[in-house]
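Please open the model in a viewer and keep the selection tool at hand. The stops below say what to select next and what is there.

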Amino acid sequence: MAKRLWPVGGGEVGAILRSWRGTETALGLPAEWPERLKSALQIVLASPTPMVLFWGETGILLYNDAYAVIAGAKHPRILGQGLYQAWPEVRELHQKVMHTVFGGGEPLSYRDLSLVLHRNGAAEDVWLNVDYSPVCDDDGMVLAVLAVVIETTTLVGALRERTAAERALRQREQELAQVQKIGKVGGLEVDLREGFQNKRSPEYLMIHGLPPEAVNESHEDWVRRVHPHDRAMVESHFRATVVGAACDYQIEYRIIRPSDGAVRWISAIAQIERDESGKALRLVGAHLDITERKEAEAHLRLLMQELAHRVKNTLAMIQAIASQTLRGATSLEAANEGFSSRLAALSRAHDLLIAGHAANARMVDVANSVVGIQGDPARFEIGGPEVVLGPKPALALTLMLHELATNAVKYGSFSNQRGTVALSWRVDDIEGSPQFRLRWQESGGPPVVAPSRRGFGSRLIERSFPAEARAESAYLPTGLVFTLDAPLEALTGGHGENGDLG
């Protein structure tokens, strides 16, 4: 009776073994099992770590409560069964174990071993850490295999989810970096907890003209890069936003790019993260190079000024045309005919002016367009070689010549009945480079004097041509002489951008 009390303890499995009558396995009554088996199994039953013995050549399964959890719904049916009968789905693995460990006396070890088990009635992906060791008698003969089994399925699953999430995050970051590169958006992050600790994206460095090692540039380096005219405003706004309560930060300012000394406009947009007390923790934002937009806005302002100037000048020209027409007309019919033809010529001239931004134009057409302002071709002498202007240079020259003609009507040689204008151009070879040279010479008008201040026309001429161009106005007693020298390359269609009004 005392023998039937073995094993001692062992939890649920121990209780099952104590209830056996000896017919459950070929080993007979548990209390009469070999002492080596009983001592080994007693250790297994007392361990909180999942353990199982494969006893004998058939690998009779004897395990503890912790292993029963891994066995799932197969427990307690497989207790006492042969290894291949209990786990047919992993027969190949167990054949290797029995051959290596039981047959050869060598241990085996696996980490995150991937198996498909049917422990709960359906195929299930399982990962295990397993150490197989031989159990020998005093003579070194292998009696059984001891397996220490730790299931890592949950850990592997979590690791795989983490890996997948990290992979997705990396892919998302790559996509975002690509979007930033395509859109020329520079990312930045500023740790605000202790001073200003900066982190710049590659796109930010490219926009600001910084080398790769400037990824963690100092706050002072950023401030020094801001244009001197904007620096005080930008830094005070930044610091005021950080110490305030706002979570949104937005500003536009100029920088001087270190890589090439270029002045660029930057639009900064960011969010500020704050703690419960409102203290700023982190700023995350983006920088955009908006130089082209700012230049377009400046160009638009210039055009709006030109439009206002054009309207005023057009009214003045119409008044001058009417006055000159009526003074020289012999009848109302002649006056009406002359006035209408001159208005039509003026309209055609403005059509060329408007179209000049959309297509190339011949220099002779640009020159002839100013005839419509005065209305009498006999008072012009126009001539020069064939030159095809690019769209923007054509517009610039049209604006300039119309400005000169308008001033001639109001103040110069066209303000009386006798004055004339000689408009000529040529192309000279200067040190191997073709140079465009234009001359506007007035004569027969009233005496002229240099203006006391720069008018709109002067500003227009300065902004209409590249830096290499040179424009001069000479106010001679006989009349105004205006000359323009510019590289031909800067005015032709192939290099039309050089004549940008912005």
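Select Leu300, Met304, Leu307, Val311 and Leu315: together they make a nonpolar surface patch of about 500 Å². A patch is made of residues with over 30% relative accessible area and no salt bridge, where like charges are joined within 9 Å and nonpolar side chains (Val, Leu, Ile, Met, Phe, Trp, Tyr) within 5 Å. A salt bridge is a side-chain nitrogen of Lys or Arg within 4 Å of a carboxyl oxygen of Asp or Glu. Accessible areas come from the Shrake-Rupley method with a 1.4 Å probe, and for residues only the protein chains shown count as cover. Leu300 has its place in helix α10 (residues 291–328). Helices (H or I, at least four residues) and strands (E, at least two) are DSSP runs, numbered from the N terminus.

This is a predicted model, in which local features need pLDDT of at least 70 and side-chain atom pairs count only at pLDDT 80 or more, while totals for chains, interfaces and linings use all residues. Residues are numbered from 1 along each chain as its sequence is written, and side-chain values use heavy atoms, with hydrogens and water left out.

**The mixed sheet**

Next, colour the strands β12, β14, β15, β17 and β16. In that order, these 5 strands form an open sheet with mixed pairing. The edge strands are β12 (380–383) and β16 (470–476), each of which pairs on one side only. From one strand to the next, the twist averages 15°. Axes here are lines fitted to C-alpha atoms, for helices over the stretch in contact, and angles run from 0 to 180 degrees between N-to-C directions.

Contact means heavy atoms within 4.5 Å.

Strands of a sheet pair through backbone hydrogen bonds, either parallel or antiparallel. Two strands pair if DSSP finds at least two bridges between them. Start with β12 and β14 (residues 420–430), which run parallel and are joined by 4 bridges. Select Glu381 to find one of these places: its bridge partner in β14 is Ala422.

Then move to β15 and β17, an antiparallel pair joined by 7 bridges. Here Gln435 stands opposite Pro487 in β17. β17 also pairs with β16, in the antiparallel sense and over 7 bridges; the bridge partner of Ala474 in β17 is Val481. With 2 residues between them, β16 and β17 form a hairpin.

How many of the residues of β17 are buried? The count is 8 of 9, and the strand is mostly covered. Buried means under 20% relative accessible area, exposed over 50%, and partly exposed in between (1.4 Å probe, protein chains only).

Between β14 and β15, select Glu431 in the loop. Its phi is near 55°, a positive value in a residue other than glycine. Glu431 is exposed, with a relative accessible area of 82%.

**The antiparallel sheet**

Select β2, β1, β5, β4 and β3. These 5 strands form an open sheet in that order, with antiparallel pairing. β2 (60–63) and β3 stand at the edges, each with a single partner strand, so one side of each is left without a neighbour in the sheet. The twist averages 30° from one strand to the next.

Strand β4 (residues 124–136) and strand β5 (residues 142–151) pair over 9 bridges, and Asp131 stands opposite Val148 in β5. In β3 (residues 108–117), select Asp112. Although Asp112 is not a glycine, it has a positive phi of about 50°. Asp112 is partly exposed, with a relative accessible area of 40%.

**Single residues**

Leaving aside neighbours within four places in sequence, Ser267 is in contact with Ile251, Glu252, Ala286, His287, Leu288 and Ile290.

Val364 lies in helix α12 (residues 363–369) and is partly exposed, at 25% relative accessible area. The C-alpha atoms of Val364 and Gly384 are separated by 7.5 Å, with the two residues 20 apart along the chain.

Finish with two cis peptide bonds. One joins Trp6 and Pro7, with omega about 0°; Pro7 lies in the segment before α1 (11–19). The other runs from His75 to Pro76, with omega near 5°, and Pro76 lies in the loop between α3 (65–71) and α4 (83–86).
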